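I opened the model today to look up how the two chains meet. My notes follow.

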Amino acid sequence: MAHAMGAQMRRAGSELLRVDELLAHAIEQLMAAFNGVNDELSHYQRELAQAGAAAPGTDASERLRQVAEHVAREIDGAVMALQFRDVVGQKLGHVRCELEALERLMQRVREISAAQPQLLPETGRAQLASTMKRLLQELEQMKAASPAQQELMHAGEIELF
Amino acid sequence: MAKSILAVDDSASIRNMVSFTLKSAGYDVVEAVDGVDALNKAQAKTVNLVLTDHNMPHMDGLTLVRSLRELPAYRTAPIVILTTESGQEMKSRGKAAGATGWMVKPFDPKRLLEVVKRVLG
């Protein structure tokens, strides 16, 4: 049973890693698309500036300027929202660490069970209990070490020293 | 001449987003994947500002700040930490290490540019 649980945890860890990789790939593609949009926008804004210089204050040039500003604002919003991947990646990494620790715990249980295939003597039980207690304490420490505490994707605070 | 910024983060997507934001505003951006890479690149070419993550493999952000502060070219240069960590204790450690500021992710591109403009004077 301990062996099956260990294998299940390894599979879960691999799945989490795969999710993280897929997210990274998706964001990479989106950022490449944004770069293309941004290049177009820069080109567009240069033309706009030239057109504005030639005919300042016209309705058409004002409308074009507003559209360019709107697109830039939308891209800024998307850049902020896409940072969810970094927070999610850290949380997934943290969950993987916990799964690995659980797997180590299962491995230790297997070792002790193999050494004592019959009923565990009192000393074996005490050793098992002590090992499990130590590993569970490690798990608790890993929980406390998780750096990403964000619950919503609002802009974080800024402090200049 | 455009000011140069060293963007340090082990996450490729965050490096992309920081670079995208800074380049769009006309800055030259050099990217580094961790503290060791950043230290090498900062020594190879002096930059005007370092914007670094904290939790990275090989060398974390605070160690990078301390290492950079030992170099004459970076004794007073602005170094801003951009991290998911928001605890006061970590911020105090950043300040003690010599960081110029602390920004918590996710960053708003507009506010990032405001901070960059401010610290670059």
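**Chain B against chain A**

I started with the contacts: 29 residues of chain B are in contact with 29 residues of chain A. I keep in mind that this is a predicted model.

I then looked up which elements of chain B supply the side that touches chain A. Helix α1, α4 (88–97), β5 (101–104) and α5 (109–119) each bring at least two residues. α1(B) gives the most, with 8 residues. I also noted the classes on this side of chain B: 12 nonpolar, 10 polar and 7 charged residues.

**A strand pair between the chains**

Next I checked β5(B). It pairs with strand β1 (residues 158–160) of chain A, antiparallel, over 3 bridges. In this pairing I found A:Ile158 opposite B:Met103.

**Inside chain B**

I followed β1 (residues 4–8) of chain B. It runs parallel to β2 (residues 28–32) of chain B, and 5 bridges join the two. B:Val8 has B:Ala32 as its bridge partner in β2(B). With helix α1 (residues 12–24) of chain B, these two strands make a right-handed β-α-β unit.

**Helix α5(B)**

Which residues of α5(B) are buried? I list B:Pro109, B:Leu112, B:Val115 and B:Val116. They lie on the same side of α5(B), because they cover an arc of only 120° around the axis. On the other side of α5(B), I found B:Glu114 and B:Lys117 exposed.

Last, I looked just past the helix. There B:Gly121 takes a positive phi of about 70°.

Technical notes
Residues are numbered from 1 along each chain as its sequence is written. Chains are lettered from A and ligands numbered from 1 in the order in which they are written. This is a predicted model: local features need pLDDT of at least 70, side-chain atom pairs count only at pLDDT 80 or more; totals for chains, interfaces and linings use all residues. Two strands pair if DSSP finds at least two bridges between them. Helices (H or I, at least four residues) and strands (E, at least two) are DSSP runs, numbered from the N terminus. A crossover is right-handed if, with the strands pointing away from the viewer, the path from the first strand over the helix to the second runs clockwise. Two residues are in contact if their C-beta atoms, placed from the backbone, lie within 7 Å. Ala, Val, Leu, Ile, Met, Phe, Trp, Tyr, Cys and Pro count as nonpolar, Asp, Glu, Lys and Arg as charged, and the others, Gly among them, as polar. A residue is buried if 20 or more other C-beta atoms lie within 10 Å of its own, exposed if 12 or fewer, and partly exposed in between; C-beta atoms are placed from the backbone. The arc is that of the directions from the helix axis to the C-beta atoms.
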